Amino acid sequence: MKKSRVLFASVSGSVIEWYDFYLYGTATGLVFSSLFFPNTDPAIALLLAFATFGIGYAARPIGSIIFGHFGDKLGRKTSLMLTLVGMGGSSFLIGCLPTYAQIGVAAPLLLVFLRLIQGIALGGEWGGAVLLATEYAPKGLRGLYGSIPQLGVPLGLVLGSFSLTFISYLTTEAQFLAWGWRIPFLFSALLIGLALWIRNGIEETPAFKEQKEKGELAAVPIVETFRTNSKSVFHVIGLKLGDGFFNVFLMSFVLVFATKHLGYSYEVALTALTIGCATMIITIPVVGYLSDFIGRKIIYICGLALLFLLAIPYFTMVGQSPSWLYIMQAVMLGIIWASIFATQGTIFSELFPAKVRYTGLSFGYQIAAAIVGFGPMIWTPMAEKFGPSPIVFGGFMMAGITISLVLSLFVPDTRKISKYEDNVDPVADEKAI
């Protein structure tokens with residue numbers, strides 16, 4: 001099978017899944033806080049809306065177990081098809097939901113339920129997309145291949161944010177709140193259909209085929225993961241926490257932070273986010289390629305160190321002017337965080353043997369995502385109490401990054417693990433090097 005087709009299947013589904021996930025995030029501040037969580041205090045309404053945003057993250061570990069099980073037992077392709085159906089179906093139904101004014105408290109309850117389905121589906125998508133790419137990768141190019149599905153994050157975010165912004169320009173405020181916001185959610189049904197068609201045309205990965213032919217599939221993948229690779233699971237959780245909080249801020253909460261607390265217009269905030277994402281699209285494949293030659297660990301450590309050093313300067317400079325907001329988003333999101341993210345899919349997958357790779361990779365990553373996803377609920381009252389304080393917000397980020405920096409020193413340089421394709425336990429293989 002052509003490798004280019006596999007990469008296209010990997011990134012296309014990832015783009016659409018993240019489009020749906022971040023579409024919700026963008027709509028949280030613009031629509032959901034007023035239509036589904038009406039309250040006389042706008043801050044409380046916004047906090048409740050962000051709680052549902054965080055619930056989507058909290059549900060992702062459940063999805064990692066469910067779809068990790070399918071992925072390690074039935075195949076990567078089967079699991080990825082199911083995640084698309086779950087994500088697309090829930091997003092389409094969100095576009096059909098009546099509001100609080102129409103059906104009362106049932107409206108936010110249904111919204112929370114569908115957000116849970118979104119989170120569960122995405123909990124299985126990321127790990128599967130990464131494995132689809134890395135397990136087909138030619139020897140010596142696994143870092144590059146593993147970085148390609150990561151492009152789904154910036155592309156999906158820009159697509160989701162742009163779709164709502166575009167509709168808002170075409171409608172009046174009353175029309176947008178009445179029906180305009182629903183169009184991007186309903187449109188996701190067509191996108192998911194396209195992604196299903198693309199993924200249906202690919203074959204199962206060589207690594208899974210080999211496991212199945214040898215009869216070496218794990219009976220209960222999540223149990224097998226903790227029995228044999230629990231250390232790697234905790235490594236993934238700790239490594240993701242540090243950059244994860246900064247990621248959620250830079251790609252989601254920054255819209256609220258910049259408009260509500262720094263006084264910028266929504267157009268300025270969205271432009272800054274778009275600049276950061278556009279820069280990511282260039283950085284991710286370049287760094288992924290470099291990681292095959294200079295190592296993933298050194299890139300990871302350098303990226304975390306730079307996030308740590310620039311945390312307070314970032315929050316200091318973004319309030320100076322729109323130009324500084326644009327520059328700092330490009331640097332922190334588009335270059336530094338993107339460099340870390342470019343290596344994550346590959347380095348995390350290389351910590352697990354093939355028989356539990358889908359489950360181990362997904363579960364560790366999504367546990368961390370569940371924790372950092374509630375960042376907006378913490379930052380909302382922080383900003384109300386302390387304002388956009390560089391010391392408070394920068395210090396918060398530095399604390400999380402410290403955990404990841406310390407753990408990164410004890411993680412093996414997985415680029416040296418040459419038997420990834422041969423289904424050897426990477427922990428045991430690293431000890432033999």
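How many cavities of 30 Å³ or more does the structure hold? There's 1, and about 90 Å³ of space lies in it, the largest cavity. Keep in mind that this is a predicted model.

**The largest cavity**
- The lining takes in 14 residues, and W18, R60, K240, N247 and Y365 are the ones nearest the centre.
- Helix 1 (3-35), helix 12 (221-261), helix 15 (322-349) and helix 16 (357-372) are the elements giving two or more residues to this lining.
- Sorted by class, the cavity lining comes out at 10 nonpolar, 2 polar and 2 charged residues.

**The second largest pocket**
- This pocket has about 200 Å³ of space.
- Its lining is made up of L30, T165, S168, E173, F176, L177, Y266 and E267.
- At least two lining residues come from each of helix 8 (152-170), helix 9 (173-180) and helix 13 (266-294), with helix 9 giving the most at 3 residues.

**S91**
- You'll find S91 in helix 4 (residues 76-94).
- S91 counts as buried because its relative accessible area is 0%, and the cut-off for buried is under 20%.
- Setting aside neighbours within four places in sequence, S91 is in contact with D20, Q118, F185 and S188.
- With Q118, one of those partners, the S91 side chain makes a side-chain to side-chain polar contact of 2.9 Å.

Key:
Residues numbered from 1 in each chain as written. Predicted model: local features only at pLDDT ≥ 70, side-chain atom pairs only at ≥ 80, totals over all residues. Heavy atoms only, no water. Helix = DSSP H or I, 4+ residues; strand = E, 2+ residues; numbered from the N terminus. Buried < 20%, exposed > 50% of the residue type's maximum accessible area, 1.4 Å probe, protein only. Polar contact = N/O pair within 3.5 Å; in protein donor to acceptor, adjacent residues only side chain to side chain. Contact = heavy atoms within 4.5 Å. 1 Å grid on protein atoms, 1.4 Å probe; cavity = no way out; pocket = protein on both sides within 12 Å on 5 of 7 lines; lining within 4 Å. Points joined across faces, edges and corners; volume = space filled by probe spheres on them. Nonpolar A, V, L, I, M, F, W, Y, C, P; charged D, E, K, R; others polar.
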